[in-house]
Amino acid sequence: VLGYRLWDSHQDEPVGTCEESPWDSDHLIVTRDRRSHLGGVVQCVERATGEVLWTVGPDLDALVDAFGEEIVMAADFSARTEGYPDVEGDGDPELLVRFTHGLYYPTAICLVDRDGNVRSHYASKGHVLSLAHEDIDGDGREEVVGGGTNNDPAYQGAQLFILDDRHAHGATVDSLCNPWSPLPDSALVRVVLPKFPDPYMEQMTATRLAAWNLQIFRSPDGEARLSCEIGGPDPRQRMVVHFDDRLRPFGAEPSDKFREVARAEWPDSLRHAPGPTDRVWLAEWLGTHRRFEAGHRPSGGAGR
């Protein structure tokens, strides 16, 4: 009120973001930059004094179990808050946090309660580029939906998953992706759409496909539906793929810009051949997806 400085953050502990806690207006939720001596973490801080009440970071041991020490320890993590879903439906939301590796993977998606307890920790081989939360199945508890990429050589594809109050642990491991890991994939459901054949990926100057800009909406009959953009880093060369509430893909359509780019810039060998702009070709590509439900073991090859 008087303009006096009460406290400030130490210059060696750079802040990423700062927002008011949803649980107590006297507390702040602060993310630390990966350059902090703690690395990228999220903290709850007393607004009046700057006292740190709790600190949460990624579970490095679990990440090493999933993807190996050489990968995990090759870079630091950044932290970003992604909203406050109520996954237990008790009116007391959890904090959704994304911890992103400084290289290509892994990413850890965590749910944290008001006391700083990590309620769930889910690790992805590949960056998670989009997160949303909503009560998809109408049971009064919100689900978390994530989309991004799976950069395992077997896929190099777009990946989506759904987490809920009981299925939000483990890692994106399966019979093709890190099958040696002892961790199960306990996501409620996960789907991977593999990359296009090499000539199309090369023309799109993309190494892998990814899922961007997740949207959740309701059909006229009230059923939840999901859609996202699938493609590489160039937004002009993405398509919209539609999923039901259990991540079963049922349609794909390239954007008008994708079609324009294909007609104008692709060589004749690709422009006049079936490919990502052809409806039949797209239906066949969608049919190559691998889908996993909660409880499958990595070595079991339980893709559906």
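## Cysteines without bonds

How many disulfides does the count come to? The count is zero, where a disulfide is a pair of cysteine sulfur atoms within 2.5 Å. The structure is a predicted model, in which local features need pLDDT of at least 70 and side-chain atom pairs count only at pLDDT 80 or more, while totals for chains, interfaces and linings use all residues. Residues are numbered from 1 along each chain as its sequence is written, and side-chain values use heavy atoms, with hydrogens and water left out.

Two cysteines show the spacing. The sulfur of Cys110 has its closest cysteine sulfur in Cys44, 16 Å away, which is too far for a bond. For the sulfur of Cys177, the closest cysteine sulfur is that of Cys110, and at 18 Å this is also too far for a bond. Cys110 is buried, with a relative accessible area of 1%, and Cys177 is buried at 0%. Here buried means under 20% relative accessible area, exposed means over 50%, and partly exposed lies in between (1.4 Å probe, protein chains only).

## An open sheet of four strands

Four strands form an open sheet in the order S1-S2-S3-S4, with antiparallel pairing. Strand S1 (15–20) and strand S4 (52–56) stand at the edges, each with a single partner strand, so one side of each has no neighbour in the sheet. From one strand to the next, the twist averages 20°. That angle is taken between axes, which are lines fitted to C-alpha atoms (for helices over the stretch in contact), and runs from 0 to 180 degrees between N-to-C directions. Helices (H or I, at least four residues) and strands (E, at least two) are DSSP runs, numbered from the N terminus, and two strands pair if DSSP finds at least two bridges between them.

S1 and strand S2 (residues 27–32) run antiparallel and are joined by five bridges. A hairpin of six residues links S1 to S2. You can follow the pairing by eye: Glu20 stands opposite Leu28 in S2, and Val15 has Arg32 in S2 as its bridge partner.

## The hairpin of S14 and S15

Further along, strand S14 (residues 210–218) and strand S15 (residues 224–231) run antiparallel, joined by seven bridges. Arg218 has Ala224 in S15 as its bridge partner. Five residues lie between the strands of this hairpin, and Gly222 takes a positive phi near 90°.

Asn213, in strand S14, has a phi near 55° and is partly exposed, with a relative accessible area of 41%. Thr205 has a positive phi of about 50°; Thr205 sits in the loop between helix H3 (198–203) and S14 and is exposed at 68% relative accessibility. Gln215, another residue found in strand S14, is partly exposed, with a relative accessible area of 46%. Its C-alpha atom is separated by 20 Å from that of Gly126, 89 residues apart along the chain.

Which residues of helix H4 (residues 256–265) are buried? They are Phe258, Val261 and Ala262. These residues cover an arc of only 100° around the axis, which puts them on the same side of H4; the arc is that of the directions from the helix axis to the C-beta atoms. An α-helix has 3.6 residues a turn, so residues three or four places apart point the same way. The face turned away from the buried side of H4 carries the exposed residues Asp256, Arg263 and Ala264.

## Aromatic rings

The whole structure holds eight aromatic pairs. Rings of Phe, Tyr and Trp (its six-membered ring) pair if their centres lie within 6.5 Å; planes under 30 degrees apart count as stacked, over 60 as edge-to-face and the rest as tilted. One of the pairs is Phe258 with Trp266, which is edge-to-face at 5.9 Å centre to centre, with 65° between the planes. Phe258 is buried at 0% relative accessible area, and Trp266 is buried at 3%. Both belong to one aromatic cluster, formed by Phe196, Tyr200, Phe258, Trp266, Trp281 and Trp285.

A charge also sits over a ring: Arg238 lies over the face of Trp212, at 4.0 Å from the ring centre. The rule asks for NZ of Lys or CZ of Arg within 6 Å of the ring centre and within 35 degrees of the ring normal.
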